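Please view the sequence and structure below before reading on.

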Amino acid sequence: MRKNLLNLHLMLGGFFLPVGLMFAITGGLYTFGFKGSYITKSWEVPAEANLSVELPYLLGVADEILKAAELKAPRGSATVKGAGRSWQFEWMGAGADFILEPTDDPARLKAQYKTPNGHRFFVQLHKAKGGLPFKILAGAFALGLIALLITGFMMAFASPIYLNLALKSLGAGLAVTFIAMFLS
């Protein structure tokens, strides 16, 4: 049993080490204000007279604008915020963001295409702004991390030498977590 737990623990740890480091580094840096940056291209486009502020319609409009500008479509999800004249269409992705919104002139729309720098690309992945393949990997990592914690503790509980240390570290971790939560 212990050998199987150790093998599972090692396989999960090795497999998820790259994505785990990415999440740890980007999350740690983000916590202290290091978020990366964008290169933003802005321009205006004509607005159709019968413009509908509905997501499927705006996705089609955005796709046409991006093709005309010879820009790649974001691989993440799209949303429409607001209503009436104060709406904003956002199509987010790890490699690019596209924003479309009205201007003061009802015949014109403002388009923005934002390309992230290297660090911001990883921050976007961390924030689940990427496409489905990375979201699946991130979900698997979450489950894998839980399995790593459980198998590590199971191995510690199976060994009297490590049991006392594991219980003390668990108690200290719980105390520090609750204190930090209370003080936040």
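What percentage of the 184 residues in the protein do buried residues make up? Buried residues account for 30% of the 184. The model is a predicted one. Its secondary structure consists of five helices and five strands, arranged along the sequence as α-β-α-β-β-β-β-α-α-α.

**Overall shape**

- The radius of gyration is 23 Å, well over the 16 Å given by the globule rule for 184 residues, so the protein is more spread out than a compact globule.
- The C-alpha trace extends over about 75 × 35 × 25 Å along its principal axes.
- Of the contacts between residues at least 6 apart in sequence, 59% join residues at least 24 apart.

**Contact of helix 1 with helix 3**

- Two packed helices are described by the angle between their axes and the distance between those axes.
- For helix 1 (residues 2-31) and helix 3 (residues 118-126), the axes come within 9 Å and cross at roughly 105°.
- An angle from 65 to 115 degrees counts as roughly perpendicular, and helix 1 and helix 3 are therefore roughly perpendicular to each other.
- On the helix 1 side, the contact involves Met22, Phe23, Thr26, Gly27, Leu29 and Tyr30. On the helix 3 side, it involves His119, Arg120, Phe122, Val123, Leu125 and His126.
- By type, the residues of this contact of helix 1 with helix 3 are seven nonpolar, four polar and one charged.

**Salt bridges**

- The structure has three salt bridges.
- Lys67 and Asp63 form a salt bridge through their side chains, with an N to O distance of 3.3 Å. Both belong to helix 2 (residues 55-68), and because they are four residues apart there, about one helical turn separates them. Lys67 is exposed, with 60% relative accessibility, whereas Asp63 is partly exposed, with 26%.
- Lys81 and Glu90 also meet in a salt bridge, at 3.0 Å from N to O. Lys81 is partly exposed, with a relative accessible area of 44%. Why does Glu90 count as buried? The relative accessible area of Glu90 is 11%, and buried means under 20%.

**Loop between helix 4 and helix 5**

- Where is Ser159 placed? Ser159 sits in the loop between helix 4 (132-158) and helix 5 (160-183).
- Ser159 counts as buried because its relative accessibility is 6%, and the cut-off for buried is under 20%.
- Ser159 and Arg2 are 157 residues apart along the chain, while 9.5 Å separates their C-alpha atoms. Arg2 falls within the range of helix 1 (residues 2-31).

Methods:
Residues numbered from 1 in each chain as written. Predicted model: local features only at pLDDT ≥ 70, side-chain atom pairs only at ≥ 80, totals over all residues. Heavy atoms only, no water. Axes fitted to C-alpha atoms, helices over the stretch in contact; angles between N-to-C directions. Helix = DSSP H or I, 4+ residues; strand = E, 2+ residues; numbered from the N terminus. Parallel < 35°, antiparallel > 145°, perpendicular 65-115°, else oblique. Contact = heavy atoms within 4.5 Å. Nonpolar A, V, L, I, M, F, W, Y, C, P; charged D, E, K, R; others polar. Salt bridge = Lys/Arg side-chain N within 4 Å of Asp/Glu carboxyl O. Buried < 20%, exposed > 50% of the residue type's maximum accessible area, 1.4 Å probe, protein only. Rg over C-alpha atoms; globule rule 2.2 N^0.38 Å.
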